[in-house]
Amino acid sequence: MGSITRALPLLLLLLCAHGNAAQPYLRLRPSPSEHLPVPDLIEEPDPEYDPREQDLSERTLRKKLGSHFDPNFMSIHLPAQLNASAPPELPRLPMPAELKKLDLTETPYGRRVKVGKKARRKFLQWLWMYTHCPVLYTWKDLGARFWPRYIKEGNCFGERSCSFPEGMSCKPVKSVTKTFLRFYCQGFSRQKYCTWIPVQYPIISECKCSC
């Protein structure tokens with residue numbers, strides 16, 4: 001679907017290595033996917049694989065993440081307002097050309113009706129509002145093994161059908177990728193090596209009314 005099928009989002013696979021003694025770890029492999037937002041990751045519950053206090057130096061982690069730190073989509077601390085989107089309103093983007101060109105004076109049976117300019121403008125605004133698919137953002141806790149821990153994740157508005165008559169729904173058509181740090185451990189319990197590695201996380205950036 002558009003840029004999402006061409007994008008390379010995360011494929012989250014939990015694999016077990018070295019029998020039962022090793023940590024099930026997150027393997028990142030680029031793979032085309034239409035499944036956004038990213039499903040919740042099932043983590044190894046053993047706190048032995050959590051970052052320690054000395055691993056959470058904000059200064060060090062900011063330096064490691066560098067220019068990838070985007071305060072618009074990531075937060076170190078729990079945001080005060082978890083719902084980051086206002087209720088859907090009249091779209092601020094320009095009205096699509098196909099709506100502007102819509103001929104309201106001709107019926108499906110070939111008969112013509114008279115529609116005033118004001119009535120036409122009002123109807124097109126209503127239709128644009130009805131079929132518009134906004135991206136709704138909410139803050140999501142990725143857990144202690146990601147830094148920054150909180151991500152502003154996008155979802156397509158899905159409380160009702162976006163078509164008239166009903167039948168179509170809002171679906172993601174574009175995504176942006178943000179880079180986070182993932183605390184990753186390899187090896188056996190006492191001989192394991194843990195470090196922060198960069199991982200890419202796709203976020204829905206545009207939705208469209210489609211079948």
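How many bridges pair β7 and β8, and in which sense? The close-ups below start with that pairing, and each one comes from a predicted model.

**View 1. Strands β7 and β8 side by side.** Welcome to the first stop: β7 and β8 pair over 17 bridges, in the antiparallel sense. To find your place, look for F183, which stands opposite W196 in β8. In a regular strand, side chains alternate between the two faces of the sheet.

**View 2. The pairing of β5 with β7.** Strand β7 also pairs with β5, a strand made of residues 146-147. Here 2 bridges join the strands, and the sense is again antiparallel. A handy landmark is F146, which stands opposite R182 in β7.

**View 3. K192 in the loop between β7 and β8.** Now follow the chain to the loop that links β7 (169-186) to β8 (193-210), where K192 is found. Is K192 buried or exposed? Its relative accessibility is 19%, so K192 counts as buried, the cut-off being under 20%. Beyond its neighbours within four places in sequence, K192 is in contact with E48, Y49, C185, Q186 and G187. With E48, K192 makes a polar contact of 2.8 Å, side chain to side chain. Y49 is 143 residues away from K192 in sequence, yet their C-alpha atoms are 9.4 Å apart in space.

**View 4. D70 and its polar contacts.** Our next residue, D70, has its place in the loop between α2 (58-65) and β3 (74-75). D70 has a relative accessible area of 15%, and because this is under 20%, D70 is buried. Which residues does the side chain of D70 reach? One is K178, whose side chain is joined to that of D70 by a polar contact of 2.7 Å. Another is N72: the side chain of D70 reaches the backbone nitrogen of N72 at 3.0 Å.

**View 5. An open sheet built from β3, β6 and β4.** Finally, take a look at an open sheet of 3 strands, which come in the order β3-β6-β4 with antiparallel pairing. At the edges are β3 and β4 (135-141), each of which pairs on one side only. How many bridges join β4 to β6? There are 7, and β6 covers residues 150-156. To get your bearings along this pair, find L136, which stands opposite N155 in β6.

Terms used
Residues are numbered from 1 along each chain as its sequence is written. This is a predicted model: local features need pLDDT of at least 70, side-chain atom pairs count only at pLDDT 80 or more; totals for chains, interfaces and linings use all residues. Side-chain values use heavy atoms; hydrogens and water are left out. Helices (H or I, at least four residues) and strands (E, at least two) are DSSP runs, numbered from the N terminus. Buried means under 20% relative accessible area, exposed over 50%, partly exposed in between (1.4 Å probe, protein chains only). Contact means heavy atoms within 4.5 Å. A polar contact is a pair of N or O atoms within 3.5 Å; within protein, one must be able to donate a hydrogen and the other to accept it, and residues adjacent in sequence count only if both atoms are side-chain atoms. Two strands pair if DSSP finds at least two bridges between them.
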